[in-house]
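Here is a brief report on one protein model. It moves from the overall fold to a single residue.

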Amino acid sequence: MEIDNLSLDELKKIDTTTLPERERKLLKKRKKFLKKQNRREEDNRVIINNEEKRKKKTFITYSIILVVSLFAGYFLYSTVKSPTGNVVENFELTGETKEFTMTARQWKFIPNTITIDQGDKVILNIKSVDVTHGFAVPQFGIDARLIPGKNARVEFVADKKGSFPFVCSVVCGAGHSGMRGKIVVE
Ligand SMILES: [Cu+2]
């Protein structure tokens with residue numbers, strides 16, 4: 001009997017009781033071999049299946065990352081490049097003008113804190129009572145020279161919120177570097 005051409009199912013149908021001992025052993029061996037082969041094929045199918053699933057997952061992950069990156073990039077781009085090109089922050093004018101009188105002397109500004117609201121128009125009348133000083137607020141692009149006895153008028157719009165330091169910008173003596181204050185925009 002040619003058992004090598006038979007499938008496992010066909011081999012199982014053979015009545016082994018009538019077979020001689022030698023053929024029965026061969027048949028058993030063949031069945032064992034085929035079972036093993038089937039198991040191996042099954043394992044390979046699972047591996048291939050898992051590999052495909054992994055590839056699919058990777059593809060989806062990369063797609064999501066790409067889409068998110070594009071959105072994030074566009075968002076950043078639109079924030080940086082606002083319509084007019086140089087608007088620092090969105091703000092609305094309050095319609096209020098707040099005016100302050102300030103004195104500069106060695107080595108302080110009085111008052112040394114100015115508190116206003118975002119969107120206010122601000123006017124500072126600053127007068128030095130001794131030597132020449134300066135009044136600089138880098139974050140608002142302000143640098144005024146304070147000539148003794150003369151009123152220096154500084155105007156700006158508080159377009160951004162935060163605490164912005166101001167300093168004396170003219171070397172005025174030993175305590176010059178400590179001559180500072182801040183503008184608080186709420
Ligand atoms: Cu100074």
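## Fold and layout

Reading from the N terminus, the elements follow the order α-α-β-β-β-β-β-β-β-β-β. The radius of gyration is 43 Å, whereas the globule rule gives 16 Å for 186 residues, so the protein is more spread out than a compact globule. The model is predicted. In total, the protein has two helices and nine strands.

Of the 186 residues, 11% are buried. Contacts also reach along the chain. Among those between residues at least 6 apart in sequence, 57% join residues at least 24 apart.

## Domains

The protein splits into two assigned domains, domain 1 and domain 2. Their bounds are listed here.

| Domain | Residues |
|---|---|
| domain 1 | residues 3-80 |
| domain 2 | residues 97-185 |

How far apart do the C-alpha centres of domain 1 and domain 2 lie? The separation of these centres is 78 Å.

## Residue K150

Now to one position. K150 sits in a loop. The strand β6 (142-146) lies on one side of this loop in the chain, and β7 (151-157) lies on the other.

Is K150 buried or exposed? K150 has 11 C-beta neighbours inside 10 Å, so K150 counts as exposed. The cut-off for exposed is 12 or fewer.

K150 can also be set against G73. Along the chain, K150 and G73 are 77 residues apart.

Methods: Residues are numbered from 1 along each chain as its sequence is written. This is a predicted model: local features need pLDDT of at least 70, side-chain atom pairs count only at pLDDT 80 or more; totals for chains, interfaces and linings use all residues. Helices (H or I, at least four residues) and strands (E, at least two) are DSSP runs, numbered from the N terminus. The radius of gyration is taken over C-alpha atoms; the globule rule is 2.2 Å times the number of residues to the power 0.38. A residue is buried if 20 or more other C-beta atoms lie within 10 Å of its own, exposed if 12 or fewer, and partly exposed in between; C-beta atoms are placed from the backbone. Two residues are in contact if their C-beta atoms, placed from the backbone, lie within 7 Å. Domain bounds come from an automatic or database domain assignment.
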